[in-house]
Amino acid sequence: MAVKTRTEMRLARHARIRKNLSGTPERPRLAVYRSTKHISAQIIDDVAGHTLAAASSQEKALVASDNTEGAKKVGAALAERAKKAGIKAVVLDRGGLRYHGTVAALADAVREGGVEL
């Protein structure tokens with residue numbers, strides 16, 4: 001029996017979560033992706049297949065010295081863009097990642113920005 005890598009296990013968790021999680025026009029999905037250096041998030045309407053708002057720590061205005069600080073900046077920017085798009089509530093798709101550290105910081109910043117999770 002082959003041993004699964006950390007990435008393979010994360011992808012399996014993500015697939016298991018996504019079976020029951022979908023974004024609707026009323027409550028789109030907030031998808032979070034984290035790499036070793038950056039974090040990005042996008043708000044997706046799965047019914048139409050469109051990205052409604054997105055933010056990433058790779059944007060010049062959102063660059064930070066710390067990963068958690070960068071996640072907070074990305075969350076705040078995403079909440080602002082979501083409000084402009086008329087989005088009041090989203091469902092969090094953490095991508096198989098633990099709700100801890102940068103993922104939690106991003107989610108908290110989105111909540112503080114006025115978007116319901």
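Trainee: Which residues of α2 are buried?
Mentor: Keep in mind that this is a predicted model. In α2, the buried residues are G70, A71, V74, G75, A77, L78, A79 and A82. They pack against β1 (29-34), β2 (39-45), β3 (50-56) and α3.

Trainee: How do you know that the length of α2 agrees with its 18 residues?
Mentor: At 1.5 Å a residue, α2 should span 26 Å. Its end C-alpha atoms are 26 Å apart, so the two values agree. After the helix comes G86, with a positive phi near 85°.

Trainee: Why is α2 called roughly parallel to α3?
Mentor: Start with the angle: the axes of α2 (residues 67-84) and α3 (residues 102-112) cross at roughly 30° and come within 7 Å. Angles under 35 degrees count as roughly parallel, so α2 is roughly parallel to α3. The crossing itself is right-handed.

Trainee: Which residues make that contact?
Mentor: From α2 there are N67, T68, A71, K72, V74, G75, A76, L78 and A79, and from α3 there are T102, A105, L106, A109 and V110.

Trainee: Why does A104 count as buried?
Mentor: A104 sits in helix α3. Buried means under 20% relative accessible area, and A104 has 13% relative accessibility, so it counts as buried. For a sense of place, A104 and Y33 are 71 residues apart in sequence, with their C-alpha atoms 12 Å apart in space.

Trainee: And R98, is it buried or exposed?
Mentor: R98 lies in the loop between β4 (91-93) and α3. Exposed means over 50% relative accessible area; R98 is at 66%, so it counts as exposed.

Trainee: How far is the C-alpha atom of R98 from that of R10?
Mentor: They are separated by 9.4 Å, although R98 and R10 are 88 residues apart along the chain.

Key: Residues numbered from 1 in each chain as written. Predicted model: local features only at pLDDT ≥ 70, side-chain atom pairs only at ≥ 80, totals over all residues. Heavy atoms only, no water. Axes fitted to C-alpha atoms, helices over the stretch in contact; angles between N-to-C directions. Helix = DSSP H or I, 4+ residues; strand = E, 2+ residues; numbered from the N terminus. Parallel < 35°, antiparallel > 145°, perpendicular 65-115°, else oblique. Left-handed = near helix turned anticlockwise from the far one by under 90°. Contact = heavy atoms within 4.5 Å. Expected span 1.5 Å × (residues − 1). Buried < 20%, exposed > 50% of the residue type's maximum accessible area, 1.4 Å probe, protein only.
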